[in-house]
Amino acid sequence: MPRVVVLGGSIGGLTAALVLRDAGCDVRVYERSSAALQARGAGIAALDATLRYLTERGGRRRADVCSATNWIRFLRPDGGTLHEQRHRYLFSSWNTIYRSLLEEFDPDRYLLGREVTAFGPAGDQVRVTLADGVAADADLLVCADGVSSLARARLLPEVSPSYSGYVAWRGTLPEQALAAATRRLLGDAITYQVIKDSHVLVYPIPGPGGALTAGDRLVNFVWYVNVAEGGDLDQLMTGRDGLRRAVSLPPGAASQRAVTAMRQAAMTEFARPIAEVVTGVAEPFVQVVYDIAVPRMVFGRTCLIGDAAFAVRPHAAAGTARAAADGWALADALIASGGDVPTALAGWERQQLALGRALFARCRDIGDSSQFGGTFRPGDQRLIFGLYGPGN
């Protein structure tokens, strides 16, 4: 089986590294960060593909890393229930999933502080050059370096992020910080409120250290807000340190003016329980919602996976699941080909391009229906999370 270098050690890169190692590949992960990764305040819906390695090979139960809700609920402005339906979701935090996967990988092969500055073909291999000048050869380079992928920029300079027209305000706060009535209302549901050209969702995720007991968890919110490209977006994404960030403002970085305006709007627009969550978060953060879709994922013995290939809007809650699915499919293709990298990549690319394109279109349509079309409706089954389709 081939020698593999994985560029990027986030959830998608880690999953790929794990399944490729298990398939018999000699795998090293190069992560440019000098310390283990951390995404403060990021909650995620835990779809099957995201959890697959942990549950099938990591000895975890879903209940070990996820909180669960049994209802989808939409609130009216007065806090009453507009619509509800039984549907079970699992939620986790980015940190919980990342740490759990990292525990399964060989620490001496997860190499921190390794910034890849160049790569290219070297005979029937691919040569990777690091910032310190050290070079390494591999049979396969898997680029999992995310939405701001330098690998994608090198391989497909014509593909650039396209701004969707809106951002996501996000954040978490301890469940115990909420009023008892609010905890009861929100504790067993993903709770939505739809307002003009926008919607917000709130759900529980594991607390610090992975706490899953009701009352010890965190409550996560995501609020999609239209922001005009140009001056308005520039102003929002310029943090209190004066730096203009392209993709996200981390917790504590948003200007006080922006945070105050967001909280005031929440108090005006939302039902009291949702407003309590949104305004109670000490350090909300902002992520710009981009569209990125590549025409191809394979370049000789190099491939793009996860957000490096398709950055999809978050409305199917399937970004981490799709990245994981890319890794599993790649391992399956290598096993089926007997380790023949070009043969494996050819079939893998056709399959994963189709998945990425379908998910990209679905998420774009859901987002546009909320933010611009006015057709985001409670009870619409297309809103059910899923990688391959609603609920799937």
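**Close-up views of a predicted model**

**View 1. The lining of the largest cavity is mostly a matter of side-chain class: its residues divide into six nonpolar, two polar and one charged.** As this is a predicted model, please read each view with that in mind. The residues around this space are Ile72, Phe74, Gln85, Tyr89, Tyr192, Gly379, Asp380, Leu383 and Ile384. The space inside comes to about 60 Å³, and the count of cavities of 30 Å³ or more is one.

**View 2. Six strands make an open sheet with mixed pairing.** Follow the strands across in the order β6-β2-β1-β10-β18-β17. At the edges you will find β6 (110-112) and β17 (298-299); each has a single partner strand, so one side of each is left without a neighbour in the sheet. Further in, β1 (residues 3-7) and β10 (residues 140-143) run parallel and are joined by four bridges.

**View 3. Helices α8 and α9 pack against each other at an angle of about 170°.** Here α8 covers residues 256-269 and α9 covers residues 272-280, and their axes lie 9 Å apart. Angles over 145 degrees count as roughly antiparallel, which makes α8 roughly antiparallel to α9. On the α8 side, Met262, Arg263, Ala266 and Met267 make the contact, and they meet Ala275, Val278 and Thr279 of α9. By class, the residues of this contact divide into five nonpolar, one polar and one charged.

**View 4. Strands β7 and β8 form a hairpin with two residues between them.** The pairing of β7 (residues 116-122) with β8 (residues 125-130) is antiparallel and extends over six bridges. A handy landmark is glycine 120, which stands opposite arginine 127 in β8. In the turn, look for glycine 123, which has a positive phi of about 65°.

**View 5. Strand β8 also forms a hairpin with β9, this time with four residues between the strands.** Four bridges join β8 to β9 (residues 135-138), and the two run antiparallel. Threonine 129 stands opposite alanine 135 in β9. The turn of this hairpin holds glycine 133, with a positive phi of about 90°. While tracing the strands, remember that in a regular strand the side chains alternate between the two faces of the sheet.

Conventions:
Residues numbered from 1 in each chain as written. Predicted model: local features only at pLDDT ≥ 70, side-chain atom pairs only at ≥ 80, totals over all residues. Heavy atoms only, no water. 1 Å grid on protein atoms, 1.4 Å probe; cavity = no way out; pocket = protein on both sides within 12 Å on 5 of 7 lines; lining within 4 Å. Points joined across faces, edges and corners; volume = space filled by probe spheres on them. Nonpolar A, V, L, I, M, F, W, Y, C, P; charged D, E, K, R; others polar. Pairing = 2+ DSSP bridges. Axes fitted to C-alpha atoms, helices over the stretch in contact; angles between N-to-C directions. Parallel < 35°, antiparallel > 145°, perpendicular 65-115°, else oblique. Contact = heavy atoms within 4.5 Å.
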